[in-house]
Amino acid sequence: MPFDAATLLSQLFTGLVLGTIYVLLALGLSLIFGLLTVVNFSHGSFYMLGAYLGFFVLGFTKNFWIALVVAPLLLGLLGLLTERWLVRPLYGRSIDDPLLLTFGLSLVLVEAARLVWGKMGLTFDPPAALAGAVNLGFTYFPAYRLFVIAATAVVVVALWLFLERTTLGLVIRAGTRDALIVRALGINLNLVWLLVFGIGCALAGLAGVLAAPMRGVYPEMGVTIVIESFVVVVVGGMGSLLGAIVAGLLIGEVVSLTTFFAPKMADIVVFLVMAVVLLVRPSGFFGEAGLME
Amino acid sequence: MGRVGALIARHPIPAFFVVFAVFPFVVPYKALATQVLIYGLFALGFNLLYGYTGLLSFGHAAFFGLGAYGTGVTLARLGVTSVWAGLAAGLVLAAAGGALIGYLCLRRRGIYFAMLSLAFAQLLYFVGFHLSWITGGDDGLRGIPVLPVGLAGVRVSIETPLAFYYFVLVVVGAAVAVLKRILDSPFGAVLQAIRENTDRAAACGYDVTRVKLLSFVFSGAFAGLAGGLNALYLQVVPIDTLYWTTSGQVVMMALLGGAGTFFGPFVGAGVFLILEDVLSVFTESWPLVVGAIFMAFVRFLPRGIWGTVVGLEIMGGLDGPPKPPERSHTPRGTRGVARP
């Protein structure tokens with residue numbers, strides 16, 4: 001096997017790109033879970049819809065940047081509707097019920113995508129401005145992939161500023177600690193839950209548009225990646241945003257390096273990492289033991 | 001109606017045999033009846049874990065698949081000529097898988113359980129996919145022979161669809177009787193105690209994790225037996241047997257029928273398969289309709305069909321009062337209990 005530092009470095013960069021998609025998905029899952037204790041099983045379908053809606057808007061406007069903004073907003077809107085009309089009626093019932101309902105929703109969405117856009121995948125070209133490759137000194141790396149890394153970094157920093165530096169962010173953090181007290185202070189938490197579900201789904205939509213030029217657009221595109229994102233959330237610690245970021249990047253690297261050294265193990269290695277983490281540190285990297293169990 | 005209900009409640013196993021003895025003559029074709037029995041058993045195994053112990057597994061494809069490959073490999077690759085030995089191999093493999101996956105999944109409780117079981121089942125899918133020299137990989141495991149079955153010293157042919165159906169009925173009926181015995185035992189009572197209140201069961205001195213693990217092993221064994229029967233029925237094990245969609249199907253079957261009720265899973269398997277059969281005539285997009293129906297059930301009819309029927313006054317006493325898993329869900333913290 002040809003092996004040198006440059007190939008290894010470029011493989012690490014590829015892993016970083018894959019990791020950013022995991023991070024965006026896991027952040028949404030973790031945010032929703034942290035505040036609402038809902039496992040959004042349809043997260044992968046929202047990711048898929050993000051890619052398709054991005055494709056649709058791109059075809060309509062011929063402008064990638066508009067698609068990049070509009071598709072996540074549409075997904076955020078869909079998230080708002082989902083929380084209000086599908087998930088909210090289940091509060092106060094078994095903790096499994098929202099998971100079951102969103103599982104049904106994911107079946108419906110994937111099948112609807114097949115019906116509307118067909119079973120064949122679509123190709124989604126990166127914007128002309130990012131079409132080439134950039135010389136990183138050790139290798140040429142696709143400019144679009146570098147853009148994905150940068151865009152994710154911007155989103156993560158913005159999300160952090162929002163949660164840590166704004167009043168609304170303070171309310172959200174307080175809500176994850178003790179919703180009863182937050183309510184007693186006269187804050188309408190229903191609106192906060194609605195908003196957080198919307199933000200989580202918008203992040204899934206953004207991940208979908210960003211991933212589309214790299215991974216293609218097809219109805220089942222969200223299935224495998226959402227299961228891997230569940231693993232990221234478990235490894236990072238459920239409800240921990242820092243955990244989602246660290247574990248997302250780590251698993252991206254692990255998958256990328258395994259693809260390089262032992263291609264057949266690439267599908268499996270994610271789950272092996274999870275098994276090891278479960279044995280050594282069951283609550284995940286940043287999870288509090290006993291939280292939400 | 002009330003008296004019929006009481007009769008079924010008192011003699012569930014004979015009632016099961018009577019209903020399914022005439023069942024193949026009621027449905028449009030025999031193959032559908034066989035599938036209802038096999039998937040009913042699969043859903044019954046799933047329900048032992050979800051409906052009775054309160055653990056939602058999204059990875060039961062793993063045990064169905066282990067059973068199918070265990071039985072299939074024994075008969076098709078190892079040259080064993082006893083159907084019983086084949087089924088036993090599948091059952092043991094699935095139970096062992098249940099022990100291993102259960103041990104790992106039970107490291108985390110609550111909602112994690114569903115995600116972990118899903119992930120481990122997916123792991124097994126990829127392993128099965130790559131180990132093509134054993135499993136046949138993407139092409140599926142082919143060449144599972146239809147062997148005569150040794151029953152009380154006589155070898156009986158099960159080649160006709162009806163003979164095969166009754167063979168499946170005997171196996172599934174026996175499994176149902178065993179499960180009934182398990183649930184009526186003190187062990188079964190502990191399972192339900194854990195579902196109702198895990199902390200109290202632990203306070204009463206029960207080793208909750210051990211009981212859950214045992215429940216996992218039993219559940220895997222029943223699912224594995226169903227998988228083995230399915231391998232005999234199809235004479236091939238497609239790789240999709242291990243795919244997460246299989247797990248999703250059994251979740252839907254158990255919930256449509258009624259989780260936590262004894263016969264609900266059979267009702268659910270029947271409704272699901274007949275629905276699939278009828279809808280796929282009209283539209284390729286039948287999963288869309290089934291998914292929407294499933295969502296409506298979660299929202300409006302969480303007890304499922306059988307759970308709702310037996311909950312009606314008129315059927316009083318049938319199957320006992322249905323108890324869907326009750327782990328109250330409110331967004332974090334609203335319970336007003338300070339967390340450590």
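Biologist: Happy to start with the contact of the two chains: how many residues does it take from chain B and from chain A?

Modeller: This is a predicted model, where local features need pLDDT of at least 70, side-chain atom pairs count only at pLDDT 80 or more, and totals for chains, interfaces and linings use all residues. Residues are numbered from 1 along each chain as its sequence is written, with chains lettered from A and ligands numbered from 1 in the order in which they are written. Two residues are in contact if their C-beta atoms, placed from the backbone, lie within 7 Å. On that basis, the contact takes 46 residues from chain A and 45 residues from chain B.

Biologist: Which helix gives the most to the side of chain B that touches chain A?

Modeller: Helices (H or I, at least four residues) and strands (E, at least two) are DSSP runs, numbered from the N terminus. Those giving two or more residues to this side are helix 6 (112–130), helix 12 (244–257) and helix 14 (286–300) of chain B. With 12 residues, the one that gives the most is helix 6 of chain B.

Biologist: Thanks! Which residues have the most contacts inside the largest nonpolar core?

Modeller: A nonpolar core is a set of buried Ala, Val, Leu, Ile, Met, Phe, Trp, Tyr and Cys residues joined through C-beta atoms within 7 Å. A residue is buried if 20 or more other C-beta atoms lie within 10 Å of its own, exposed if 12 or fewer, and partly exposed in between. The largest such core has 205 residues, and those with the most contacts inside it are A:L25, A:V231 and B:A119.

Biologist: Leaving aside its neighbours within four places in sequence, which residues is B:A119 in contact with?

Modeller: B:A119 belongs to that largest core. Once neighbours within four places in sequence are set aside, its partners are A:I227, A:F230, A:V231, A:F271 and A:M274.

Biologist: Are helix 2 and helix 8 of chain B roughly parallel or antiparallel to each other?

Modeller: Helix 2 (residues 12–22) and helix 8 (residues 161–184) of chain B pack with axes 10 Å apart, at an angle of about 160°. Axes are lines fitted to C-alpha atoms, for helices over the stretch in contact, and angles run from 0 to 180 degrees between N-to-C directions. Angles under 35 degrees count as roughly parallel, over 145 as roughly antiparallel, 65 to 115 as roughly perpendicular and the rest as oblique. Helix 2 and helix 8 of chain B are therefore roughly antiparallel.

Biologist: Lastly, is B:W84 buried or partly exposed?

Modeller: B:W84 sits in helix 5 (residues 83–105) of chain B. Because 13 other C-beta atoms lie within 10 Å, B:W84 is partly exposed.
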